[in-house]
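Visitor: I am new to this structure. Please pick one part and take me through it closely.

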Amino acid sequence: MTATTTSDRSDLSELGRSEATLRAFLHGLPGVDQVGAEQRAAQLGTRSIKTTAKAWAIDLAIRMVDLTTLEGADTPGKVRALSAKALRPDPADPSCPHVGAVCVYPSMVPYAAEVLRGSTVHLASVATAFPSGQAPLAVKTADTRAAVAAGADEIDMVISRGAFLAGRYKEVFDEIVEVKAACDGAAAGLPGSPRAHLKVILETGELATYDNVRRASWLAMLAGADFIKTSTGKVPVAATPPVTLVMLEAVRDFRDTTGRQVGVKPAGGIRTTKDAIKYLVMVNETVGPDWLDPDWFRFGASTLLNDLLMQRTKLTTGTYSGPDYFTLD
Amino acid sequence: MSERVAVRKTYKLFIGGKFPRSESGRSYLVEQTNVALASRKDARDAVVAARAAVKGWSGATAYNRGQILYRVAEMLEGRRDQFTALGVPADEVDAAIDRWVWYAGWSDKLAQVYGGANPVAGPYFNLSAPEPTGVVAVVAPADSALLGLVSVVAPAIVSGNTVVVLAAEERPLAAITLAEVLATSDLPGGVVNLLTGRAAEVAPWLASHADVNALDLTGVTDADLAKSLEEAAAGTLKRVLRPPAGPVDWTADPGTGRMTALLETKTVWHPKGS
């Protein structure tokens, strides 16, 4: 399929100066071969991963999970319980690794922080009027600063799909830059705290075409995203393998062009170990082992973790496990 | 004009209301007919289907379950010739249909007979009600291909359980034909899942499966296998129906033991006031 042409390392930092330069660059990206992308993603999903490779993949996938709860009904108690689960996903097996991060709403960050303090589990918070992103910029940056001040070290922001689809790329670009600035803990009144990682949610289910996904990916990376994430999980179409493939190619080409590595996070709709392993195969085949690490690839999921734990238990005990033996969350 | 070539039938598994081949692609020959040879992964899939069906089936009203089971008996009646063509004696087909109707009638009577109000020393209503145990794995008996199978499946599902049943290895054709009856009689997919193959290969996976709640070993003839299956079942404290000590007369009055063995009793205390 068509890959983005890569020249020598080039400086793209000037692209965000004006609407015209951004548009020229984004519309100059080669189009995505839709049939090719879907076929390639389907083909990579047919690999058979067994025994020791499967065990390795399951442990890696557990370490990559952003254990998420984003419900209006979230309570401090639920968030504490989820955070405890993030630290020790399988209390019956000390060799089970902890997950990558916990992902909650900004108002729930303090409760998760209580439990996660001192651990290496990251604390992600959605911000910027998640999930619609339809709020004034000042509200979005305030939302972000509040989450960072409360202890979040990763921020999952949503782009303004309305502005993007209307072609106002500069507006989306500037918003990401602003939110990125707000991710700086020192600016939020926490001197000495590290800058929070910024994950930019493209909400690919609303972008309509793979070409738009590729453009949005590049736009987010140019504006300084540390991670690009597929979806909020709040619209019917969430992460799909072809969309993730297009985004993986974008981060690969971006690193080839600028030297900066950006992570990818598919979120929503990934519920089984089989699905997760298909994504890992795709990562390995598309961008290589550099991305097979929780710092560079994450799964936004909630029910996936229990299935990973059940499969892990099957491999360690030799008998099939059941959902009765894992927490409901 | 060339002679017509008849379509030969491959007998497949029955999982979640569908008739898939074995995941392993294997089959074996019974009476010159290909029958799918189930693997452990088919058993795994069957348990997933059975578990998914528990909520709807156990949540249906007892009356509704009875109606659906009665409908199965109606459909069995219409397939009588098919069973006799497979070598099932006509009187066994009759007995199997009668047995099915008999169990269907129990669906809205179990709670009255095996539940009820308990006298307690206090101002409470105290009520016990039988509830299904969940997913039941069954090894069907080999000595009676149809009546024996009906006699182990019907008592398990009448109370709201769902089953994964391993048909007798040497006599699976009547079992799959029964599955075809079930598939066309309003029984929700996944309530009965039928595997054909070797008990020694598949049953241990069901016995140790943490998402199976009870194990019926009626069709296990090998004492060592029965013992190891019981031991595996103990790992998650499953209810176990042991294999019968001697030959079973399947035409005799079955009693209610098979139904009540697969029930849990829920007791509720309710304040009476004054």
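Guide: One definition comes before the close look. A residue counts as buried if 20 or more other C-beta atoms lie within 10 Å of its own. Keep in mind that this is a predicted model.

Now take helix 5 of chain A, residues 109–116. Which of its residues are buried? They are A:Val109, A:Tyr111, A:Ala112, A:Val115 and A:Leu116. Look down the axis of helix 5 of chain A: these residues cover an arc of only 165°, so they sit on the same side of the helix. An α-helix has 3.6 residues a turn, so residues three or four places apart point the same way.

What do the buried residues of helix 5 of chain A pack against? Two helices are partners: helix 4 (76–87) and helix 6 (137–149) of chain A. Two strands join them: strand 2 (101–104) and strand 3 (122–127) of chain A. Just after helix 5, A:Gly118 takes a positive phi of about 85°.

Step back to the wider setting. Chain A meets chain B through 7 residues, which contact 6 residues of chain B. On the chain A side, 3 of the touching residues are nonpolar, 3 are polar and 1 is charged.

Chain B itself has 10 helices and 10 strands. Of its 274 residues, 46% count as buried. A compact globule with 274 residues would have a radius of gyration near 19 Å; chain B has 19 Å, which agrees. In chain B, residues 24 or more positions apart account for 77% of the contacts with a separation of 6 or more.

Methods:
Residues are numbered from 1 along each chain as its sequence is written. Chains are lettered from A and ligands numbered from 1 in the order in which they are written. This is a predicted model: local features need pLDDT of at least 70, side-chain atom pairs count only at pLDDT 80 or more; totals for chains, interfaces and linings use all residues. Helices (H or I, at least four residues) and strands (E, at least two) are DSSP runs, numbered from the N terminus. The radius of gyration is taken over C-alpha atoms; the globule rule is 2.2 Å times the number of residues to the power 0.38. A residue is buried if 20 or more other C-beta atoms lie within 10 Å of its own, exposed if 12 or fewer, and partly exposed in between; C-beta atoms are placed from the backbone. The arc is that of the directions from the helix axis to the C-beta atoms. Ala, Val, Leu, Ile, Met, Phe, Trp, Tyr, Cys and Pro count as nonpolar, Asp, Glu, Lys and Arg as charged, and the others, Gly among them, as polar.
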